[in-house]
Amino acid sequence: MAFENHALNDSMLNIPSEPRGAYTGSNQFIHTCLSCFMFDRENAQPFLVNEDGKKTTRDQLRTVGPWCRQKAKNIFRKKTLYKRLPILSWLPKYSGADAVGDLVAGITVGLTVIPQALAYAGIAGLPAAYGLYGSFMGCFVYIFLGSHKDVPMGPTAIASLLTLQASKGIWQRAVLLGFLTGLIEIVMGVFGLGFLLDFVSGPVNCGFTSAVALIILSSQIKDILGISASGNTFVQMWTSIIEHVPDTRLWDTVLGIVCIIVLLLMRKLASLQIGPVNDGEKTTMQKAINKTLWLIGTSRNAILVIITGGIGAAVHYSGEQFFKLIGPIPPGLPSFEPPPFSIPEITNGTEIIQEGETFSEMVSQLGSGLIVIPLIALLENMAICKAFADGKAIDASQELIAIGTANVFNSFVQGYPGNGALSRGAVNHASGARTPMGSLYTGVLVILALLFFTPYFYYIPRSALAAIIIAAVIFMVEVRVIKPMWRSKKTDLLPGIAAFIACLALPLEFGILVGIGINVIFILYHSARPKITIELCVTSGVNTKYLMITPDRCLIFPSTEYVRNLVNKQGLKSQTPVVIDCSHIYGADYTAATVIESLVKDFESREQKILFYNLKPSVLHVFEGIDNKIMVYYDFDTLERVINEK
């Protein structure tokens with residue numbers, strides 16, 4: 001039901017107008033109770049509102065039905081459908097050029113996703129197959145719901161590490177984690193909770209990302225050395241690595257170090273250019289060479305996996321055991337079934353191999369990962385969108401709905417939580433992706449790998465996969481931001497460094513909370529200590545002295561006592577009228593209102609004037625809530641006239 005509001009002015013109500021000078025306390029406004037007619041536009045039937053302006057319970061209940069109908073109409077409006085199903089916007093305009101660009105980008109990203117998926121599963125403490133299981137279904141879902149062309153869904157290094165800490169390497173927990181985090185992401189998107197990212201500042205994000213990169217790097221050192229080590233935090237990992245260093249395997253270490261060097265060199269190929277700087281001046285041969293170098297540099301992970309897999313197979317069939325290999329991966333696609341909501345107990349006669357868990361026990365084991373993973377997933381996705389947005393608006397709610405739905409579907413094919421990765425997004429963008437349809441070819445490539453190539457993945461050395469991860473995450477350490485942050489605002493380094501150290505020493509969720517907590521303390525401190533300008537002024541003509549005190553921000557509970565003490569101190573010191581310039585005070589709370597009341601009484605007790613200039617009506621309403629008797633002025637000449645009065 002829609003209502004029309006009719007503007008009423010003082011002349012219509014025959015209310016005598018006040019002069020624009022002083023307004024005192026509750027006498028500022030004259031309240032008149034009116035009975036007015038409101039109209040239902042659909043039925044054109046007027047109904048009468050109670051004299052106190054409130055509707056009866058019956059009237060309120062009558063509005064529930066029309067409200068629900070209106071909401072239903074809004075959901076199925078064309079604008080809403082186009083917003084929640086972005087494919088409806090770009091698919092009708094899809095062209096042959098778009099198809100070619102998406103095909104090239106999709107295949108290129110697929111060549112990156114497959115080796116990364118095998119490697120990231122190891123970070124999550126799961127068999128390599130689960131990385132592939134989580135790399136195709138989300139791609140298909142994102143085509144329909146994704147709002148950005150450069151977001152390739154799949155496992156990421158950060159999500160994998162968080163999955164390890166939440167699931168402890170148990171695949172049933174990891175898959176259930178994917179399902180539950182997906183539901184939470186969908187709910188967050190529906191209710192527009194993307195604003196929660198505002199509480200993670202840039203320095204905290206940099207500290208968190210850098211710490212995660214070092215933790216992931218540390219988790220792969222054991223595979224480079226060919227040893228067994230464990231631990232969830234940075235300190236635990238290195239303690240375990242140092243204990244097992246005597247067990248280092250020479251050939252695994254040599255292969256791992258060589259692979260890291262080769263990957264870093266091949267990374268440079270992607271940016272290597274032959275010929276003139278201007279593309280228009282390059283010959284066809286030069287363009288072809290540059291494109292080939294770029295493709296080799298971009299597909300370096302896939303090339304390395306193929307070469308090292310061949311080496312591993314040759315060594316394996318020779319009867320030698322120089323390298324630790326991935327081992328068998330189940331061929332074919334995973335079955336489409338609901339995620340596990342319990343873990344069965346596995347026994348070997350009288351010995352319990354695996355403890356059984358109920359659904360509630362599994363959820364309690366996942367703990368804070370259910371909240372941290374959705375936030376970090378949104379953080380990573382938004383980083384991709386912002387990096388390649390080209391000035392376009394980004395809908396965080398739609399991204400949450402897209403990655404949430406993708407994770408829910410992933411869990412039905414035994415995939416663990418995933419989202420877009422910035423490295424794959426950069427490859428997608430550089431490959432010329434035109435629409436989210438590129439994800440189709442990436443998903444198909446992963447399916448083909450599962451159907452036909454899993455027997456060959458057996459021979460890939462673990463040290464080669466560890467090298468792929470190390471060569472990727474080493475660039476996630478945000479060293480380059482320290483210098484500009486130091487130049488810009490040195491104190492911003494503190495929450496960043498605190499988050500970095502806390503994430504290394506504590507579980508990641510506690511580490512990021514430490515960074516956010518320190519950030520909040522900084523914000524509260526600045527709120528508690530507003531900058532206040534104090535000027536000794538004189539009135540025009542009479543030259544009466546007075547103090548003009550100007551706070552630079554809102555009056556809320558952390559700052560009120562500080563402001564009161566400062567105003568009282570300056571008032572006692574000068575013994576002149578005090579004017580508080582409220583031009584920059586756009587908000588206040590109950591605590592501020594009580595302190596202002598005490599401040600006014602302090603000045604009245606010593607018969608000293610305290611006046612308020614240019615106070616916003618919304619703030620005045622807060623102050624009047626406790627019957628404050630304050631003098632407010634909006635005209636400067638009237639203000640000076642009152643100051644001159646004895």
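Modeller: A definition to start: buried means under 20% relative accessible area, exposed means over 50%, and partly exposed lies in between. The model is predicted. By that cut-off, Leu508, Glu509, Gly511, Ile512, Gly515, Ile516, Asn519, Ser527 and Ala528 are the buried residues in α24.

Colleague: What do the buried residues of α24 pack against?
Modeller: Their partners are α9 (157–167), α11 (202–225), α17 (369–387), α23 (493–505) and α25 (560–574).

Colleague: How do you know that the span of helix α24 agrees with its number of residues?
Modeller: The expected span is 1.5 Å times one less than the number of residues. Helix α24 covers residues 508–528, which is 21 residues, so it should span 30 Å; the end C-alpha atoms are 30 Å apart, and the two agree.

Colleague: Why is Phe452 called exposed?
Modeller: The cut-off for exposed is over 50%, and Phe452 has 52% relative accessibility, so it counts as exposed. Phe452 sits in helix α20, residues 438–457. It also belongs to a nonpolar surface patch with Leu333, Val444, Leu448, Leu451, Phe453 and Tyr456, with about 670 Å² of accessible area together.

Colleague: And Ser439, what makes it buried?
Modeller: Buried requires under 20%; Ser439 has 7% relative accessibility and therefore counts as buried. Ser439 is also in helix α20. Apart from neighbours within four places in sequence, Ser439 is in contact with Cys139, Ile143 and Val151.

Colleague: What makes Arg434 and Asp98 a salt bridge?
Modeller: The criterion is a side-chain nitrogen of Lys or Arg within 4 Å of a carboxyl oxygen of Asp or Glu. For Arg434 and Asp98 the closest N and O atoms are 3.2 Å apart, and the pair forms a salt bridge. Arg434, at 43% relative accessibility, counts as partly exposed, whereas Asp98 is buried at 10%.

Colleague: How do you know that Arg564 and Asp602 form a salt bridge?
Modeller: The limit is 4 Å, and their closest N and O atoms are 3.1 Å apart. Arg564 lies in helix α25 and Asp602 in helix α26 (residues 590–605), so the pair ties together parts 38 residues apart in sequence.

Colleague: Which residues does UniProt mark as "transmembrane region"?
Modeller: The unreviewed entry places that feature at several spans, including residues 248–266 and 464–482. In the model, residues 248–266 are 89% helix and 0% strand, with end C-alpha atoms 27 Å apart. Residues 464–482 are 58% helix and 0% strand, with end C-alpha atoms 32 Å apart.

Terms used:
Residues numbered from 1 in each chain as written. Predicted model: local features only at pLDDT ≥ 70, side-chain atom pairs only at ≥ 80, totals over all residues. Heavy atoms only, no water. UniProt positions renumbered as here; feature names shortened; annotations may be inferred. Helix = DSSP H or I, 4+ residues; strand = E, 2+ residues; numbered from the N terminus. Patch = residues over 30% accessible without salt bridge, like charges linked within 9 Å, V, L, I, M, F, W, Y side chains within 5 Å. Areas by Shrake-Rupley, 256 points an atom, 1.4 Å probe, with all protein chains shown as cover. Buried < 20%, exposed > 50% of the residue type's maximum accessible area, 1.4 Å probe, protein only. Contact = heavy atoms within 4.5 Å.
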